[in-house]
Amino acid sequence: METVNSAFQYCDQLVRDFEKVITTPILNKSSVYYTGVDLGTAYIVLAVLDENYQPVAGAYRFASVVKDGMVVDYIGAIRIVKELKQELEQKLGVELIYAAAALPPGTDTLDSGAIKHVVQGAGFEVTNVLDEPTAANAVLKIQDGAIVDIGGGTTGIAILKDGNVIYVADEPTGGTHFSLVIAGAYKMSFDDADQYKRDFKNHRELITIVRPVIEKVSSIISRHISEYPVKEIYLVGGTCCLEGIEDIIAKQTNLPTYKPQNPMFVTPLGIALNC
Ligand code: ATP
């Protein structure tokens, strides 16, 4: 239990610092800046760290350029990453040169370098392309257990043993499905439902409505970890912001389930740490 707390201490502090610099960048005189580019189904996030790997700036934008871990709008993706890069460069007063990117688990053979080319096309020198769970674990620092990344389009699962990723999977159920269920239940447009879902005030009421989707995610997790001696689950990804999701997953999988204070920015920060 102590390991869990100390891991989240680092993670929570890093994410808190990052949230602050999204609104107020830190203009320091770093000799080098490291940028993590997270091209997600729902959001594109850029996280900038200084030479001491401390967050100094960040930006994100809602985008539909990636589907099931694949870039489906290549030009649109480059445009948005370029715009976010320029926005951050203006705020920091420096050119951002180096960036790392990440691939959802299990898509490295399908991707054919598209994500790397997007980041290069936006003007970065790509220093690393890693898998998302490894990125997340640079922040969580878990030795053993399963990291479950519930993003916009997919649920990624990575099993760790002695700090190394030994199994990965990615399945198409994520926040989009939650929003679709809410849209249907409340007769709202998808965009309104997604916005309603992101408001923490509505979580208590929504948890019963999206419970079947959480149970589906839980059964995906259980299926993938069944062959491994997983004793704990660690949640990351924007969908895990939903209050109470961890309790349902814990109950359904019968495993202690933990999440950091803000699970949304763990992966982009981990990507930047690996730049
Ligand atoms: P993927 O990992 O599937 O490629 P992504 O990287 O874009 O997608 P994230 O940024 O981790 O995914 O999460 C996006 C999802 O998180 C969206 O469905 C969004 O609606 C949801 N989300 C964001 N904030 C909240 C919140 N406060 N409460 C509930 N859901 C949220």
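In which sense do strand S9 and S10 pair, and over how many bridges? They pair in the antiparallel sense, over seven bridges. The model behind this answer is predicted.

## The chain as a whole

The protein chain has 275 residues. Its secondary structure comes to ten helices and twelve strands. Along the principal axes, the C-alpha atoms fill a box of roughly 50 × 45 × 35 Å.

A compact globule with 275 residues would have a radius of gyration near 19 Å. The protein chain has 18 Å, which agrees.

## Burial, surface and contacts

Of the residues in the protein chain, 55% count as buried. The accessible surface comes to about 12,300 Å². Carbon and sulfur atoms account for 51% of that surface.

Contacts can also be sorted by separation in sequence. Take those between residues at least 6 apart: 65% of them join residues at least 24 apart.

## The five-stranded sheet

Five strands form an open sheet in the order S10-S9-S8-S11-S12. The pairing is mixed. Strand S10 (164-171) and strand S12 (257-258) stand at the edges. Each has a single partner strand, so one side of each is left without a neighbour in the sheet.

Strands of a sheet pair through backbone hydrogen bonds, either parallel or antiparallel. Strand S9 covers residues 155-161 and pairs with S10 in the antiparallel sense.

Helix H5 spans residues 132-140. It lies across four strands: S8 (145-150), S9, S10 and S11 (233-236). Helix H5 runs at about 110° to S8.

Conventions
Residues numbered from 1 in each chain as written. Predicted model: local features only at pLDDT ≥ 70, side-chain atom pairs only at ≥ 80, totals over all residues. Heavy atoms only, no water. Pairing = 2+ DSSP bridges. Helix = DSSP H or I, 4+ residues; strand = E, 2+ residues; numbered from the N terminus. Contact = heavy atoms within 4.5 Å. Axes fitted to C-alpha atoms, helices over the stretch in contact; angles between N-to-C directions. Rg over C-alpha atoms; globule rule 2.2 N^0.38 Å. Buried < 20%, exposed > 50% of the residue type's maximum accessible area, 1.4 Å probe, protein only. Areas by Shrake-Rupley, 256 points an atom, 1.4 Å probe, with all protein chains shown as cover.
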